[in-house]
Amino acid sequence: MANPGELEDDDADLVTAIPPQETATPALPARVLAATTLATGALTACGGGGSDASPAPTPTPIPAEPVSDAQAARFLLHAQFSATDADIAAVRAQGYSAWLEQQFNAPMGTSGWDWLTTNGYGTVDANKYYDSSAPGDYMIWQQLMSAPDAVRKRAALALSEFFVVSLTGINFTWRGHGMAQYWDILASNAFGNYRKLLEDVTLNAAMGNFLNTRGNKKENSSGRQPDENYAREVMQLFSIGLNELNLDGTEKRDAQGNKRESYTASDVSNLARVFTGYDFDQSQNVDTIVDGSRRIPSTAFTRLPMSLKESDHSTLAASFLGTTIPAGTPGAPALRTALDTLFNHPNVGPFLGRQMIQRLITSNPSPAYVARVAAAFNNNGAGVRGDLKAMFRAIFLDDEARNASGLSQALFGKLREPMLRLVQWGRTFGLTSTAGTWRIGDLSNPATQLGQSPLRSPSVFNFFRPGYVPPSSALASGQSVAPEFQLVSESSVGGYLNYMQNVIQNGINSDLKPAYTNELALVTNATALVNRLNLLLCAGQLSSATLTLIVNALNATAVSATSSASVKLNQVAAAVLLVMASAEYLAQK
């Protein structure tokens, strides 16, 4: 079970970075040492400035259509995981808005739950998938690396860092399938309505296990009280946040200049009564006997919302956030009232919108940008509140995201998350799983792997806090936040470089190999090769100095048309590694 703690002040965002692990970092080859030097500039290349003003919201300006491949690639790297030649051509031909609308309306690919079942991960056999987290890892990497609806999956991944459930923090039979169903909820609702997503998340089996809603019972005469875990986190993290907000995301203040808290301890204890009486729905399960005696349920319950046992539901009145649910109200209408109250709170638009901008565009959006996105959440133009498609459209098409001025602002942008770097590499260079099993595991170890793995947050507070400021840094002096830097340490920098050096060269285990078809065709021309990588990986944002540095490093090794296949692969791998280690790649604009 997750241990979310009792954090009640966002100042905790400013404390310290996650400490480096004690594991020694392996020695780095010369080319990787050079890459480390390139990466050191990323700290000052991330973040984003913004005015402290709180202007009234204005409609999102319609961006100018892309006039270059680099502009199209930049848009693609915001809206999905990668930029291919075909994607760039499509964006340039259709324009940002039309291309995005097409992606919004594209059918959802094979769900994670169905993929696990189709590939045999729902079978009770000697592999004991029923008692393993590994299938959950395979599922999410397959979804991120190869699903056709990449914009939907990118939005779902951003939502997974807001509505956090971690595979590391759940423990029940078929937890891989449970995690897959949670992912499918995020993906299927990514362009739907926040109100439905909030309800689906609340009743999901994995969330029930993660934040103790499952088995939560009403108060009794012995002094038992409802567990408050979900009640606290649904307010603090999944809807309204700690403090009251203006539409532009700035905090409201009282007459003395103090922050105004969004909720109280009484709100938490009262709301907790609503989330009582729920447990896994076992109505469709068929048990299988293993090892001669142990009865293992089927995967069916992982796909069903939790069911309500009315006798375990609290009958006390519940007063919270200015709403009172009368005593004796049955569980289902009580839940509807509670979720409606959260949904209609004025904080939701700016609280959710700002964090989605942070995950997708820039760490420090201006208040005006936040206000435009929050306004789209509040009203999609047709009087509908909570339309996530309208919110994401506003995020991707806002002038602050699309305007080229951000490229010249030292503090605009964000550090690319390690898991996004790996997914971008896989999609860009045609990574495939020969067996179709996508057995990529937990890559959370910072000393030897990525230091991050999707759906593997260490706690309900995500991999990093939205208000994190790297201590003793240039960003700290101006209080510019850089959330992803909470993952950065001496161990994680070396671990990422060493891991990627091996993966780029050899693939991931014997089954998963990249193609590098177009890159190998350019291998004898270092300049052309690096220019292509600059476009696809960096949207053309590498400086001339960095381009020259990488080209010169490649030209130190002679490669000709008659060179062996291994020599050519080495050259391409070196080029990809040097680009993916550079500061201008790590700091996405």
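What follows is a set of questions on labels and the values behind them.

Tutor: This is a predicted model, in which local features need pLDDT of at least 70 and side-chain atom pairs count only at pLDDT 80 or more, while totals for chains, interfaces and linings use all residues. Residues are numbered from 1 along each chain as its sequence is written, and side-chain values use heavy atoms, with hydrogens and water left out.

Student: How many helices and strands are in the chain?

Tutor: The chain has 26 helices and 10 strands. Both are DSSP runs numbered from the N terminus: helices are H or I with at least four residues, strands are E with at least two.

Student: What makes a residue buried, and what percentage of the chain is buried?

Tutor: Buried means under 20% relative accessible area, exposed means over 50%, and partly exposed lies in between, with a 1.4 Å probe and protein chains only. Buried residues make up 57% of the 589 residues. The accessible surface of the chain is about 21,900 Å² (Shrake-Rupley method, 1.4 Å probe), and 52% of that surface belongs to carbon and sulfur atoms.

Student: What makes a set of residues a nonpolar core?

Tutor: The members must be buried Ala, Val, Leu, Ile, Met, Phe, Trp, Tyr or Cys residues joined through side-chain atoms within 4.5 Å. The largest such core has 170 residues, and Phe163, Val274, Phe392, Ile395, Leu422, Trp425 and Met500 touch the most other members. Helix α25 (residues 565-581) gives the most to this core, with 10 residues.

Student: Which residues does Phe392 touch?

Tutor: Contact means heavy atoms within 4.5 Å. Not counting residues up to four places away in sequence, Phe392 touches Phe104, Ala155, Leu159, Ala190, Phe191, Met356 and Leu360.

Student: Why is the pair Glu199 and Arg195 called a salt bridge?

Tutor: A salt bridge needs a side-chain nitrogen of Lys or Arg within 4 Å of a carboxyl oxygen of Asp or Glu. The closest N and O atoms of Glu199 and Arg195 are 2.8 Å apart, so the pair qualifies. Both residues lie in helix α10 (residues 194-203), 4 residues apart, about one turn of the helix. Arg195 counts as buried at 14% relative accessibility, whereas Glu199 is partly exposed at 26%.

Student: What does the salt bridge between Arg214 and Asp279 tie together?

Tutor: The side chains of Arg214 and Asp279 meet at 2.7 Å, N to O. Arg214 lies in the loop between α11 (205-210) and α12 (229-236) and Asp279 in strand β1 (residues 278-279), so the pair ties together parts that are 65 residues apart in sequence. Arg214, at 35% relative accessibility, is partly exposed, and Asp279 is partly exposed at 31%.

Student: How do you know that Arg232 and Glu228 form a salt bridge?

Tutor: Their N to O distance is 3.5 Å, so the pair meets the salt-bridge rule. Arg232 is buried at 10%, while Glu228 is partly exposed at 29%. Elsewhere, salt bridges that share partners join Arg359, Lys414, Glu417 and Glu484 into one network. By this rule the count comes to 22 salt bridges.

Student: What polar contact does the side chain of Glu219 make?

Tutor: The side chain of Glu219 makes one with the side chain of Ser314 at 3.0 Å. The term covers a pair of N or O atoms within 3.5 Å; within protein, one must be able to donate a hydrogen and the other to accept it, and residues adjacent in sequence count only if both atoms are side-chain atoms.
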